[in-house]
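Here are some notes to read with the model open beside you. Take the points one at a time and find each residue as you go.

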Amino acid sequence: MKLIIAVIKPFKLEEVRDALAAVGVQGITVSEVKGYGRQKGHTEIYRGAEYAIHFLPKMRLEIGVTSANADRVVDAIVKSAKTGQIGDGKIFVTSIERAIRIRTGETDNNAL
């Protein structure tokens with residue numbers, strides 16, 4: 001089992017969700033987060049005053065999948081989240097040691 005964590009641009013969320021549904025992902029967890037990488041933030045002018053925005057808004061997706069489906073899910077995220085511009089985001093894939101569905105008690109792949 002794998003946990004895929006993707007950090008993407010907010011306006012790409014619906015497109016990524018549709019792509020994940022197309023490859024059979026049944027559930028995701030989404031959080032609004034802020035951060036920066038090579039993008040480093042930017043400056044904006046508000047009511048005539050310039051100020052720096054160091055942490056940019058992003059969306060964090062967490063998806064538990066079987067090991068066999070991990071590559072398909074990663075490919076779907078990459079294709080749907082990519083704009084070709086700096087700040088498109090990152091994807092991290094880690095192993096899941098154990099998974100339990102609270103309602104039924106199902107474990108591991110059956111819990112995903």
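**Notes on a helix pair and its surroundings**

1. Let's start with two helices: α1 and α2 pack at an angle of about 150°, their axes lying 9 Å apart. Axes here are lines fitted to C-alpha atoms, for helices over the stretch in contact, and angles run from 0 to 180 degrees between N-to-C directions. Helices (H or I, at least four residues) and strands (E, at least two) are DSSP runs, numbered from the N terminus.

2. Before going on, a word on what you're looking at. This is a predicted model, where local features need pLDDT of at least 70 and side-chain atom pairs count only at pLDDT 80 or more, while totals for chains, interfaces and linings use all residues. Residues are numbered from 1 along each chain as its sequence is written, and side-chain values use heavy atoms, with hydrogens and water left out.

3. Which residues make the contact between the two helices? On the α1 side they are E15, V16, A19 and L20, and on the α2 side V73, A76, I77, S80 and A81. Contact means heavy atoms within 4.5 Å. Sorted by class, that's seven nonpolar, one polar and one charged residues. (Ala, Val, Leu, Ile, Met, Phe, Trp, Tyr, Cys and Pro count as nonpolar, Asp, Glu, Lys and Arg as charged, and the others, Gly among them, as polar.)

4. Now look at α1 by itself, residues 13-22: L13, V16, A19 and L20 are buried. Buried means under 20% relative accessible area, exposed over 50%, and partly exposed in between (1.4 Å probe, protein chains only). Seen down the axis of α1, the buried residues fall within an arc of 130°, so they line one face of the helix; the arc is that of the directions from the helix axis to the C-beta atoms. What covers them includes β1 (2-8), β2 (29-35), β5 (56-65) and α2 (70-81).

5. L61 is buried, with a relative accessible area of 0%. Leaving out residues up to four places away in sequence, L61 touches I4, I5, A6, I8, L13, V16, L20, I28, T29 and V30. Take V16 from that list: L61 and V16 are 45 residues apart along the chain, and their C-alpha atoms are separated by 9.7 Å.

6. Is K12 buried or exposed? K12, in the loop between β1 and α1, is buried, at a relative accessible area of 9%. Apart from neighbours within four places in sequence, K12 is in contact with S80, A81, K82 and T83. K82 sits in the loop between α2 and β6 (89-95) and is exposed, at 57%. With residues up to four places away not counted, K82 touches K12 and D88.

7. Two backbone spots to check. Most residues other than glycine have a negative phi. Against that background, D108 has a positive phi of about 50° although it is not a glycine. D108 belongs to the segment after β6 and is partly exposed, with a relative accessible area of 31%. Just after α1, G24 also takes a positive phi, of about 95°.
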